[in-house]
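I opened this entry to go through one structure and write down what I looked up, in order.

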Amino acid sequence: MATPSRPSPYQPSLLRLLHGASAALLTLAWLSGLVVYSRQDGRWGRLPWQLAGDWIDIHGTIGVLLWPLALLFGYYALTLGRPRLRHPTNAVALVALALAVGSGKLMQEDWLRQGQLSHPVYAIHLLAWLLIPAVLVAHLVGVIRRGGMPLAASMVSSTLRANDGPRHWPRQLLRPWRLGR
Ligand code: HEM
């Protein structure tokens, strides 16, 4: 007798959008941060090549775009997505994102231009930058251990249920306040 197949996991479209856009911008911020570190700091090594351009500006612009998105994603994760934060590998991903964005917001762009490398906020920002790859690997391992490739793929899938389109998003966002029934 054939065993009944489990339904494929489905992630709400708003979660997929916020999660995907935050992950993409976080990756760009991480990479541009590496270039900034190599050019302006380099105490523990430098990239073997030099890239032209104002990378502090580029990194800052990515940070400015990431900030409101991370705020919205954080809101989603802490309200509608709260049950998923029981999984430590989801929770640490959110903490690393918050640490990176929060400390970045407190950084002043002149610090690195003027060679001021001893600000505690900069140390926290560097720590967040170091944590992100480790946390990302742990997050992906956690997702795959829990639900295999079908769960990982569900976060990047483009499937849309009839009651989960963009016009349902405002109601979904208000649901935690019991305003969006
Ligand atoms: C790059 C940075 C990433 C960050 C900061 C991040 C963060 C998070 C957070 C905070 C959650 C919980 C969301 C909630 O509570 O509603 C989550 C869930 C999830 N993420 Fe990521 N994520 C990242 C990358 C990825 C990647 C590359 C994948 C692979 C496709 C992925 C797959 C998933 C899946 C499948 C879930 C749902 C897991 C579950 O139901 O427990 N994530 N992520």
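**Iron site**

I started at the metal. His19 and His139 coordinate the iron atom of the ligand, each through NE2, at 2.0 Å. I then looked up where the two histidines sit. His19 belongs to helix α1 (residues 13-41) and His139 to helix α5 (residues 120-154), so the pair ties together parts that lie 120 residues apart in sequence. I keep in mind throughout that this is a predicted model.

Next I checked the geometry. There are 6 donor atoms around the iron atom of the ligand, and they subtend angles of 87 to 179°, which makes the arrangement octahedral.

**Ligand surroundings**

I looked up the pocket and the neighbours. The ligand sits in the largest pocket. I found 22 residues surrounding the ligand, and the closest are His19, Gly81, Asn90, His139 and Arg146.

- His19 has a polar side-chain atom 2.8 Å from a nitrogen atom of the ligand.
- Asn90 places a polar side-chain atom 3.0 Å from an oxygen atom of the ligand.
- For Arg84, I noted a polar side-chain atom 3.2 Å from an oxygen atom of the ligand.

Then I asked which helices supply the shell around the ligand. At least two residues of that shell come from each of α1, α2 (55-78), α3 (88-106) and α5. Helix α5 gives the largest share of the shell, with 7 residues. Helix α5 is also where His139 lies.

**Whole chain**

I stepped back to the fold. The protein chain has 6 helices and 0 strands, and I read its pattern along the sequence as α-α-α-α-α-α. Taken along the principal axes, the C-alpha atoms fill a box of roughly 65 × 45 × 30 Å. Of the 181 residues in the protein chain, 33% are buried.

**Arg6**

My last stop was Arg6, which is in the segment before α1. The relative accessible area of Arg6 is 78%, so I logged Arg6 as exposed; the cut-off for exposed is over 50%. I also looked up the distance from Arg6 to Arg39. The two are 33 residues apart along the chain, and their C-alpha atoms are separated by 51 Å.

Technical notes. Residues numbered from 1 in each chain as written. Predicted model: local features only at pLDDT ≥ 70, side-chain atom pairs only at ≥ 80, totals over all residues. Heavy atoms only, no water. Donors = N, O, S within 2.8 Å, 3.2 Å for Na, K, Ca; no water. Tetrahedral: all angles 85-135°; square planar, octahedral: opposite > 155°, others 65-115°. Helix = DSSP H or I, 4+ residues; strand = E, 2+ residues; numbered from the N terminus. Near = heavy atom within 4 Å. Polar contact = N/O pair within 3.5 Å; in protein donor to acceptor, adjacent residues only side chain to side chain. 1 Å grid on protein atoms, 1.4 Å probe; cavity = no way out; pocket = protein on both sides within 12 Å on 5 of 7 lines; lining within 4 Å. Sits in = over half its atoms within 2 Å of the grid points. Buried < 20%, exposed > 50% of the residue type's maximum accessible area, 1.4 Å probe, protein only.
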